[in-house]
Amino acid sequence: MTATAVRGTRAFRVYLEMIKVEHSIFALPFALIGMMWGTRYELHTAWPGWRTFLLIVVAMVSCRSAAMAYNRIADRDIDAINPRTKMRAIPAGMLQLRQVNLFFYGSCAIFFGACALLNPLALGLSPIALGVTLFYSVTKRFTPLCHFVLGLSLGIAPSAAWIASTGKLALPIIPITLAVACWTAGFDIIYALQDDEFDRDHGLKSLPQTLGRPKALMVSRISHLCAIAFLGAGGIMVHAGPIWFVGVVFAAGLLGYEQSLVSPDDLSKVNMAFFTLNGFVSLGMFVFALADQLFRS
């Protein structure tokens, strides 16, 4: 099959599906929290200006797009034999490998360009940030801790936005980076439950494949407990107001509900646990953080 079957607006939709653009909802709100907290902490205002805001959004989306495209390139042979993923763009023939490569390199160029326009530290650290997000795609081949590498790739978003908006990195944003890393690892372990047998049969690593479903779910739950603790610690370190801590309780409730939806013997609600509830966690924390900033102004 070739990619000539998709053109125009349909091809655009295929690219958006390939990079799961809707999943940007997971990391981007936490990046904006890092932006607000950074400018408040360093510059005594929660708003860095439209130029910085837009460049942060462009950098975030382009970095994540590059990472997702690379994941599809690296996993194309695996995706082709996995019943859950065989209809992805490359194995299904909707996009040719060269097209996805061009998309990948274009996304990288946009990311580096946005970082260059932000500040010297953002540009200097940009290869590390991109490297971490790309590295995740190969970790499942040799370590069951791949979920935590994915967590780190999303977790650096608030620290990166802090750097982008202030030109420096400070200790108070680190707990939020750790919170996002633990939160992401926790929900990725849940998502990986769907592929534990496939991973075992094809030599791929994941915690469900290595530990079994019950123990992997326990690690997921511990990760989410750590995420809540780090969200609280981050609020304390930046002197957040009470609205932020109401948000932490809100997130704890959602993550508790998410964990209740999945059991080792029942994966029927994995998609709701993975996407819907985590979207509410991310957007909800941003809304609480924004409200906290507005009431402090």
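A salt bridge is a side-chain nitrogen of Lys or Arg within 4 Å of a carboxyl oxygen of Asp or Glu. Keep that cut-off in mind for the tour. The model on screen is predicted.

**Stop 1: D195 and R84**

Select D195 and R84. They form a salt bridge, with the closest N and O atoms 2.4 Å apart. Now trace the chain around each partner. D195 sits in the loop between α8 and α9 (196-201), and R84 in the loop between α4 and α5 (97-118). The pair links distant parts of the chain, 111 residues apart. D195 counts as buried because its relative accessibility is 10%. R84 has 33%, so R84 counts as partly exposed.

**Stop 2: K140 and D75**

Next, select K140 and D75. Their side chains meet in a salt bridge, 2.9 Å from N to O. K140 is in the loop between α6 (120-139) and α7, while D75 is in the loop between α3 and α4 (76-81). Here 65 residues separate the partners, and the pair again links distant parts of the chain. Are K140 and D75 buried or exposed? Both K140 and D75 are buried.

D75, K140 and R141 are linked in a network of salt bridges.

**Stop 3: E42 and K168**

Move to E42 and K168. This salt bridge spans 3.8 Å from N to O. E42 lies in helix α2 and K168 in the loop between α7 (146-166) and α8 (174-192), so the pair ties together parts that are 126 residues apart in sequence. E42 has a relative accessibility of 23%, so E42 counts as partly exposed. K168 also counts as partly exposed, because its value is 42%.

How many salt bridges does a search of the whole structure find? The search finds 6.

**Stop 4: the second largest pocket**

Leave the charged pairs and look for open space. Select M35, M36, A46, W47 and L290. Of the residues lining the second largest pocket, these lie nearest its centre. The lining has 15 residues. The space inside is about 160 Å³.

Which helices each supply at least two residues of this lining? Colour α2 (24-43), α3 (50-74) and α13 (270-296) to see them. E42, from the previous stop, lies in helix α2 too.

Finally, colour the lining by residue type. The lining of the second largest pocket divides into 10 nonpolar, 4 polar and 1 charged residues.

Methods: Residues are numbered from 1 along each chain as its sequence is written. This is a predicted model: local features need pLDDT of at least 70, side-chain atom pairs count only at pLDDT 80 or more; totals for chains, interfaces and linings use all residues. Side-chain values use heavy atoms; hydrogens and water are left out. On a 1 Å grid over the protein atoms alone, a cavity is a set of points where a 1.4 Å probe fits but cannot get out, and a pocket is an open set with protein on both sides within 12 Å along at least five of seven lines; lining residues have an atom within 4 Å of a point. Grid points are joined across faces, edges and corners, and a volume is the space filled by probe spheres set on the points. Helices (H or I, at least four residues) and strands (E, at least two) are DSSP runs, numbered from the N terminus. Ala, Val, Leu, Ile, Met, Phe, Trp, Tyr, Cys and Pro count as nonpolar, Asp, Glu, Lys and Arg as charged, and the others, Gly among them, as polar. Buried means under 20% relative accessible area, exposed over 50%, partly exposed in between (1.4 Å probe, protein chains only).
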